[in-house]
Amino acid sequence: MSGSNERPPYLGFGLGLRSKHYNEVLDGEPRVDWFEVLSENYMDAGGQPRHILNQIAERFPVVMHGVSLSIASTAELDIAYLTRLKHLADEIQPKWISDHLCWTGVHGINLHDLLPFPYTREALDHIADRVCRVQEFLDRRIALENVSTYVTFNESEMTEWEFISELAERADCWLLFDVNNVYVSAFNHGYDAKAFIDGIPAERVIQLHVAGHDHMGTHIIDTHDHQICDDVWDLYRYTLERIGPVSTMIERDDCIPPLQELVAELDIARNIAADTLAARAGKAAAE
Amino acid sequence: MTTLAEFQAKLQQAIVDGDNQVLDQIASSPREEKSTLLGVYQNAYVSRLFDALAEDYEKLAALLGDQQFDVVARHYITANPSRSPNLRWFGQAFPEFLRAISPYCESSVLAELATLESALNDVFDAEDAPRLELQELAEIAPEHWPDLSFESHPAVRRFDHGTNAVEIWRALDADSTLPEPADLDEPINLIAFRPEFTARFREMSPAEATIWDAAAAGARFADICELLEAYDNTDDAAPAAAGFLRGWIEAGFLTKATLPASRQSTTS
């Protein structure tokens, strides 16, 4: 991998780019520092979607976020997919490329979901090797995101955060830390979300996701169709206390409100970050 | 101990086929039954594919109504698991499915409405490519014209209808009274295309459709003229063929005109 190994820049507070907001983004001057674009929405597309993406990439920093890398799959790496991903990256020059620590299918089938797996040494060896190969192909480090999970497996040999930490170290990749996903998984599996946050390597986290979810009483489903709840904001605060300033974005994939509503929600993140990071700096100075 | 590959095959089987053998490997949860939690993945799988189909074929879904579309979509999901990393392509085989599988094939209007929606979706975000310009043709010496061949722009789709699916599409688009599905006396020839960034379609006369199909398949201009001569029963169809060609170029249907290697060539 000959590409830059430098830590990507801090971008501030961003939103996921959604087609519903194209006009508002291009016609106005939304208080959004950067946009995350879903790689698959543009990698095969020309016409209006690609034209608008190019315009937005000229005006805002963008990062590419994929859902189909399937890094944990035992299927062969999809070189055609990686080639298209690389072409898109060459064109829009994202600040970084991310995807999820999960698999999406085997035997030629794609389930279009972010699927869990047992945290075993076998999985670690397999995925670390694939991350290295992907990074070599893309000629850059990628960021991997922790996913929301609804089941865990008897065969797991370590916690999720132990697995992520060792993977990031061995593959020398970045992390995209999804605060909401930790909240969801911690509730579903009955562990302390703060233990997860304490357990990941802070220096490798280059981006945070915050999002809403659907609480079913006995379990939580990561739907990205609600406002962010107070508990997730509390965890966001805790995350910043632990790892310091990190580019943050709100993910909203369903029941998408007008852009201004998301910009207002982004202001909550800005305020929390300002207060938390000031207190953190004060504490550090006092020490 | 199960290997990662074996585990993934089992979980996939549970999600796609509902075979829950993988439950043995799932750890007990503090608050909920394992089968319910596995069900989150099983439900999400169908729901995500269903939503993709409903979005791509919103007029067909409106024509069928929620209940019938649900049945058709679930049948398709079972018969055609996604094989692309991009959900955008999941519904590509839906028109063919409706054309081939009973009972849907018994009402041709369903497949034809789906074909129209699929064509419009395809041309909307088809890959970009240069458009052939009239000026480029003007620069070609007349003696070379018979050997010219053409390449269709990626944002063009040609298809024929034997039913009033277009009329139904227009009624659904305008939210006006739906006509009853019916067969047409004569089939119509259609082409979907993308001027600027909007997907459109228009009808082609049988003669225009015939020579377009030949041109898009790589026929030389001389062959196109010959086809048109036979069609129109005339001795010289070159002016008429050139007229069609001009219309195609102005509408952005073509990306390239090429001469054989032995001749001077032009590409856009």
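Mentor: Let's start where the chains meet: the contact draws 44 residues from chain B and 42 residues from chain A. Two residues are in contact here if their C-beta atoms, placed from the backbone, lie within 7 Å. Keep in mind that this is a predicted model, where local features need pLDDT of at least 70, side-chain atom pairs count only at pLDDT 80 or more, and totals for chains, interfaces and linings use all residues. As for labels, residues are numbered from 1 along each chain as its sequence is written, while chains are lettered from A and ligands numbered from 1 in the order in which they are written.

On the chain B side, the elements that give two or more residues are helix H1 (4-17), helix H2 (34-56) and helix H5 (108-125). Helices (H or I, at least four residues) and strands (E, at least two) are DSSP runs, numbered from the N terminus. Split by class, the side of chain B that touches chain A has 25 nonpolar, 9 polar and 10 charged residues. The classes go like this: Ala, Val, Leu, Ile, Met, Phe, Trp, Tyr, Cys and Pro count as nonpolar, Asp, Glu, Lys and Arg as charged, and the others, Gly among them, as polar.

H5(B) has 18 residues and spans 26 Å from its first C-alpha to its last, close to the 26 Å expected at 1.5 Å a residue; the expected span is 1.5 Å times one less than the number of residues. Of the 18 residues of H5(B), 15 are buried, so the helix is largely enclosed by the rest of the structure. Buried means that 20 or more other C-beta atoms lie within 10 Å of the residue's own, exposed means 12 or fewer, and partly exposed is in between, with C-beta atoms placed from the backbone.

Next, the packing. Two packed helices are described by the angle between their axes and the distance between the axes. The axes of helix H3 (residues 58-79) of chain B and H5(B) come within 8 Å and cross at roughly 150°. Axes are lines fitted to C-alpha atoms, for helices over the stretch in contact, and angles run from 0 to 180 degrees between N-to-C directions. H3(B) and H5(B) are therefore roughly antiparallel to each other; angles under 35 degrees count as roughly parallel, over 145 as roughly antiparallel, 65 to 115 as roughly perpendicular and the rest as oblique. From H3(B), B:Lys59, B:Leu60 and B:Leu63 meet B:Leu110, B:Leu113, B:Ala114 and B:Glu117 in H5(B). That contact has 5 nonpolar, no polar and 2 charged residues.

Chain B also has an open sheet of 3 strands, ordered S2-S3-S4 with antiparallel pairing. Two strands pair if DSSP finds at least two bridges between them. Strand S2 (156-163) and strand S4 (200-204) of chain B are at the edges with a single partner strand each, so one side of each has no neighbour in the sheet. From one strand to the next the twist averages 30°.

Take the pairs in turn. S2(B) and strand S3 (residues 183-193) of chain B share 7 bridges in the antiparallel sense; B:Thr163 stands opposite B:Asp183, and B:Arg158 stands opposite B:Ile191. S3(B) and S4(B) pair in the antiparallel sense over 5 bridges, with B:Asn189 opposite B:Met204 and B:Phe193 opposite B:Arg200.

S3(B) and S4(B) also form a hairpin with 6 residues between them. B:Glu196, in that turn, has a positive phi of about 55°. Most residues other than glycine have a negative phi. With 9 C-beta neighbours inside 10 Å, B:Glu196 counts as exposed.

A:His112 lies in the loop between strand S4 (97-100) and helix H5 (121-138) of chain A. A:His112 is buried, with 22 other C-beta atoms within 10 Å.
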